[in-house]
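Colleague: I've got a model open and would like to learn how to read it feature by feature. Could you walk me through it?

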Amino acid sequence: MYKKQVRLQKILCLALLAVSALIFIYSLGIMTDLYDALYSTIRSANNLDKSTVTGSRVYYDMQDFNKMFLRCSIGMILLCLTLFVTSTHSRRKYYIGNYCATALVTAGGAAFSVWAHGQIEAFKAQFLQINFEELAAHAAKRKTLYTESTFWFDIHYLLFGLLLAGIVLLVVNVFWKRQLMKEEQQLIATGKEAAA
């Protein structure tokens, strides 16, 4: 039973690191369509209300969020690396460092998911307030990207859903590990050998 559990926890730690890396890549790409479609609509960065397209200031409004989102995604990668530093991915018995690393990843991932979801949904609502007729006319005139797609906003459901699922499984793994450790201690106490 221990072999299956250790194999699962290794896969889980690698999966969480991979999802965190995908979120980092997402943070680099979330503004791509907005830049291509909206950057040229703002006449002056000093007066965001002077625009050829009503509502296009969402591109500038998202800048601070995007910087923080990038930093948080790097932080999430670093948190996931603590699982490897403490050997949570391969350790048969857990020690205080393993529990701390698991708690940090769980708390950090949950907080990051809630914060990012709230921000992205708010900016998506702001994006949908754009006057798309004006944007289509601007795109045709300037030969820039025209899009009404909310793909870059919506994909966060998948990425953060995977992150939250990984976190839940990480917590379940801790309880499974504790149960196996307890059973092993009982077998040692009774002098029986653990089954392979």
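**Contacts, strands and rings**

Modeller: Let's start with asparagine 66, which touches Ser27, Ile30 and Met31 once residues up to four places away in sequence are left out. A contact here means heavy atoms within 4.5 Å. Before you read on: this is a predicted model, where local features need pLDDT of at least 70 and side-chain atom pairs count only at pLDDT 80 or more, while totals for chains, interfaces and linings use all residues. Numbering runs from 1 along each chain as its sequence is written, and side-chain values use heavy atoms, with hydrogens and water left out.

Colleague: In which helix does asparagine 66 lie?

Modeller: Helix H4, residues 63-85, is where you'll find asparagine 66. Helices are DSSP runs of H or I with at least four residues, strands are E runs of at least two, and both are numbered from the N terminus.

Colleague: Does asparagine 66 count as buried or exposed?

Modeller: The scale goes by relative accessible area with a 1.4 Å probe, protein chains only: buried is under 20%, exposed is over 50%, and partly exposed is in between. Asparagine 66 comes out at 16% relative accessibility, so it counts as buried.

Colleague: On to strands. In which sense do S1 and S2 pair?

Modeller: Two strands pair if DSSP finds at least two bridges between them. Here S1 (residues 42-44) and S2 (residues 47-51) have 2 bridges and run in the antiparallel sense. Look at serine 44: its bridge partner in S2 is asparagine 47. A hairpin of 2 residues joins S1 to S2.

Colleague: And the rings: how many aromatic pairs does a search of the whole structure find?

Modeller: Rings of Phe, Tyr and Trp (its six-membered ring) pair if their centres lie within 6.5 Å; planes under 30 degrees apart are stacked, over 60 edge-to-face, and the rest tilted. The whole structure has 18 such pairs. One of them is phenylalanine 65 with phenylalanine 123, tilted, at 5.5 Å centre to centre and 40 degrees between the planes. Phenylalanine 65 sits in helix H4 and phenylalanine 123 in helix H5 (residues 96-127), so this pair ties together parts 58 residues apart in sequence. Both phenylalanine 65 and phenylalanine 123 are buried.

Colleague: Which residues do ring pairs link into a cluster?

Modeller: Tyr26, Phe65, Phe69, Phe112, Trp115, Phe123, Phe151, Trp152 and Phe160.
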